[in-house]
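Here's a quick briefing for anyone meeting this structure for the first time.

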Amino acid sequence: MKSIKKSLIAGITALALTTTIGAATITALEPALFPGSNIGLTGFSVQGIISGSTLTKATATTLDKKVVRIVATYSNGNSYQSTGFIIGDHTIATCAHGLYKSDSYPTSVTLYYGYNNGTQLAKETVTYSSTKKNILVHSSYISNTSSQSYDLGLITTTNDLSTYGKYDLNTSYGGSSTHTFTVKGYPLEEADGVTYENYQYYSTGAYYSKTSSLLNYSASTLGGMSGGPVIQNNKVVAVHIQDRSTTSYNTGTMNISWFSDKIT
């Protein structure tokens, strides 16, 4: 069951979706209307579709098992979908705004491994523990949730994830106008009459620009893909954090060295 409302942005009709699974209503996370915020939007959509860059649905053979569907549930009962990726046998990297809302962590996150078309290879629920720090976001994001540079989160799992593989991090990416990037994730959105949900999608786009901590690229993304890997030469160079209302680029944070000493 989906709740759908239209918005018109940059001349393109887009729809933000919520989907109901059992008794739970899940909303796509997308902070782009409020840059850097931790607001999951219902009834609004920011268009991240870039001209010349297509979102491609993964098949059984192209599904990337290192990319994880995340559903975070908060004490008020609200649930929000985002994306993460495996960087260690028990470690998933993602964005902070998927794991920290209204000055609090979720009570739990459910992780879907190898998820495609409503089924998964395995599913795990991690219950938040302040002592174990098994759900963690960058302290600078907690201090200032408008700080996109530190929109970084991490989940420590009980399950051994080694069977799915892991991504290596390039923590010193310098940028090049000749480079292309692939972004992967689990959108929960509708754009131009196409529903993007229940499948993993990926998109490739060119280098656009960068700052010391933020990377802009022309790969298409939609709500729900926040926290997904931005891949260059088979390594992750950034975490996708924002779908722009521009038709030129989307954005990731390159401060991924924060993960390095937390990988288990």
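Where is Ser203 found? Ser203 sits in strand S15, residues 201-210; helices (H or I, at least four residues) and strands (E, at least two) are DSSP runs, numbered from the N terminus. Keep in mind that this is a predicted model, where local features need pLDDT of at least 70, side-chain atom pairs count only at pLDDT 80 or more, and totals for chains, interfaces and linings use all residues. Residues are numbered from 1 along each chain as its sequence is written, and side-chain values use heavy atoms, leaving out hydrogens and water.

**Ser203**
- Ser203 is buried, at 1% relative accessible area (buried is under 20%, exposed over 50%, partly exposed in between, with a 1.4 Å probe and protein chains only).
- Setting aside residues up to four places away in sequence, Ser203 touches several residues, including Phe181, Val183 and Ala219 (contact means heavy atoms within 4.5 Å).

**Thr62**
- Look for Thr62 in the loop between strand S4 (56-57) and strand S5 (67-73).
- Thr62 is partly exposed, with a relative accessible area of 37%.
- Thr62 and Gln200 are 138 residues apart in sequence, and their C-alpha atoms are 9.5 Å apart in space.

**Positive phi**
- Most residues other than glycine have a negative phi.
- Ser102, not a glycine, has a positive phi of about 50°; Ser102 lies in the loop between strand S7 (91-94) and strand S8 (108-113) and is exposed at 65%.
- Asn234 also has a positive phi, near 70°; Asn234 is in the loop between strand S17 (229-232) and strand S18 (235-242), and is exposed at 66% relative accessibility.
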